Amino acid sequence: MDDQEQYAKLFNDIDSQALITLGVILVSTLLLIIASQRGLNWLANRLHGQVRFRVFALVPLTRLIILIAALAIAVPIIIEPSLRNMVTLLGAIGLAIGFALKDYVSSLIAGVVSAVELPYRPGDWVNIEGTYGEVKHVGMRTVEVQTPDDDLVAVPHLKLWDTAIYNANNGGTSLQCVASFYLHPEHEAGWVRKALRDVALTSAYLKFDEPIIVVAEEKPWGTHYRIRAYPVDPRQQFLFITDLTVRGKAVLSAAGITPALLPPDAALDARGAAH
Amino acid sequence: MAQGSTKAALSPWDVVTLDAFQTPERTQASQWRRSWRAATTWMIGREASERQAKQESELRALPEIKLAHVAPSIDWRPAAARLEQALKLYHDAPVVLFISPPHGGHSAVVSHWAEQQGAHCLTAPTLKELVEGSLAWVDSATQTKRWAIPALERHFLRHTHGLQGVRDLLERALSGRLGQSVMGCDSWTYAYLQHAVGLEGVPVLTLQGVEGEQLADYFSNAAGECPTVYSTRTGKPILISESDQKAVFKELQRLAAHCRGHLGIAWHYWRERLREPADDGDSSAQQSEKAPRDTSQELWLLDALADAELPADTGDLATLLLHTLLIHGGLEDHALKHVLPFSDHEALNARFALARRGILSHQQGRWQVAPLSYASVRQLLESRNYLVDPL
């Protein structure tokens, strides 16, 4: 009898008016979330540069604020918000989570953390456990990443706890691209360095606010050159790398510089290692 | 004396260093207005977003003869004379750059200066020479006391072989071996060459941005006897000050801000957006009922903002083409394939589409951003993080 009374005290009397209020809160929350998510995504996709990323960053944050506001209104309708009641309720929820919904809730909590810490936001180019692509949507449980092959990969937020998240542009418009050239060791390195710098300087996609760096590294089979430069827009990265590669090859080839080729024994070794 | 100093203050030919260049008052407000205009046009349509005191349908374009009288071509010779005065401060500098935006007159000013000073002008290389990386044209620059390049943008190409020539030329010129030179340069080319070649320490001069009052003075005096010009937006005369106490030329200040203070661009607006009342019986009758006045001596200026606008969703292909044309001070069709990462066909299609919408114009065999589209194109490129000019 006492247990029943205590149980009854935990929850308020849910009459028809309370049910209607809860229903209105639920529907309003859903509508607000859908409208804000669609509206902000629509707006961000029509913007460019830094403003685009700022609007994208608002998408998960807005949803979180709407959810917290809805909970703050709905919870006092269902339960009497005393310390005892809250401890009882949270204890029960914790038990359920611990046994059955651990990963699901972990992802939801990580989703809240991601909205605050912003390790990724829509428009960012991220690499999570080998999945590289543009963040298209930060949901409550998962982050949707569109790969360059046009696959949409849903990665649960709980990866945030123990996985390194590589963010190539971190909410900005600067994303470094690398174009590699593997050259035969016998060439004039100083000339190649200048020529590759000019290749970057004459690219239509180049962002001039960021530096252009040509890195040369000597390897047993030749010299590995890398142009490190930034495109105007992160979405141009593959076109930019292709442009650098195509024009770089043409310049080097016209100058009679041959590409590095692995010696036959090294090729055989590599094949053996692969097996 | 006071009249003389006022006249000097109203002169649009003030040559200043690049650091001293200032855009006119309300330039930022003009950019916001342009964005707001684009948004309202998108939401409620062009007609509804433009509240006009006079409808465009009641007006017609001026015949060419009348236009030549009311808005004659700009005579850049006074600017060349002012350039010579400014150059006296740089008598020991081997190279001085004179920059202006597209349609800003740097080429004409430096050509006039060279003519006035009897300086030799260096011939620009051909496209073939630039693409092949030939340096023969650089060797033609021999030591003379004073020499000039009217348009430095014709001496390079954004191509792996197209930079070496301008680098060699600037290296020789900056060493002082070739004598003293004045180089006219497009402001976009200057911005690019600063990164690609490096122009640190080279004195850079430009024309100071003009304000509305200076435009009013220039347009009034350029035409021998200028009729009264009214604004279609407000219906008020625009070459007469709106205040008795101080000079207020709101409409022309609006135009100056829209053109970022560049007289050359403002002149194009003036020339292309002047209208005269159409000989339509009904509209004339209505006009005479409202306010009887002699319409033969009145002209109307269409709203400067109602020009060829680029939509916000302009694609990468068009954006890259516009930026490339600005950096080169305009290009011929057959040069596009050398400077754009697209096929010939794609580049020509993009060029054709932009030209059809009035964004590009064809001048002296080259395609360039049209003067009336320049402001919106610059704003678009700036919003997308492209390299923009310093003016």
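View 1. Chain B as a whole averages a pLDDT of 83, and 83% of the residues score at least 70. For the complex, the predictor gives an ipTM of 0.83 and a pTM of 0.81.

A quick note on reading the labels: residues are numbered from 1 along each chain as its sequence is written, while chains are lettered from A and ligands numbered from 1 in the order in which they are written. Since this is a predicted model, local features need pLDDT of at least 70 and side-chain atom pairs count only at pLDDT 80 or more, whereas totals for chains, interfaces and linings use all residues.

**View 2. Where chain A meets chain B.** Here 18 residues of chain A are in contact with 18 residues of chain B. On the chain A side, α7 (189-201) and α8 (237-254) each supply at least two residues; helices (H or I, at least four residues) and strands (E, at least two) are DSSP runs, numbered from the N terminus. The largest share of that side, four residues, comes from α8(A). By type, the chain A side splits into seven nonpolar, five polar and six charged residues. Ala, Val, Leu, Ile, Met, Phe, Trp, Tyr, Cys and Pro count as nonpolar, Asp, Glu, Lys and Arg as charged, and the others, Gly among them, as polar.

View 3. Two strands pair if DSSP finds at least two bridges between them. Strands β3 (residues 95-100) and β7 (residues 204-207) of chain B pair in the parallel sense over three bridges, and Ile99(B) stands opposite Thr206(B) in β7(B).

**View 4. Two mostly covered helices of chain B.** Helix α10 (residues 187-196) of chain B has eight of its ten residues buried, where buried means 20 or more other C-beta atoms within 10 Å of a residue's own, exposed 12 or fewer, and partly exposed in between, with C-beta atoms placed from the backbone. Among the buried ones are Trp188(B), Tyr190(B) and Tyr192(B). The buried residues of α10(B) pack against α7 of chain A, together with β3, α9 (164-175), β6 (180-186) and α15 (316-327) of chain B. After α10(B) comes Gly198(B), whose phi is positive, near 90 degrees. In helix α18 (residues 374-383) of chain B, seven of the ten residues are buried, including Tyr374(B), Arg378(B) and Leu381(B). Just after α18(B), Asn385(B) takes a positive phi of about 70 degrees; Asn385(B) is partly exposed, with 19 other C-beta atoms within 10 Å.

View 5. Strands β7 (residues 213-219) and β8 (residues 222-229) of chain A run antiparallel, joined by seven bridges. A hairpin links β7(A) to β8(A) through two residues, and Glu217(A) has His224(A) as its bridge partner in β8(A). Elsewhere, Asp150(A) lies in the loop between β3 (142-146) and β4 (152-156) of chain A. Phi of Asp150(A) is near 70 degrees, a positive value in a residue other than glycine. Asp150(A) counts as exposed because it has 7 C-beta neighbours inside 10 Å.

Note on methods: Two residues are in contact if their C-beta atoms, placed from the backbone, lie within 7 Å. pLDDT is the predictor's confidence in each residue, from 0 to 100.
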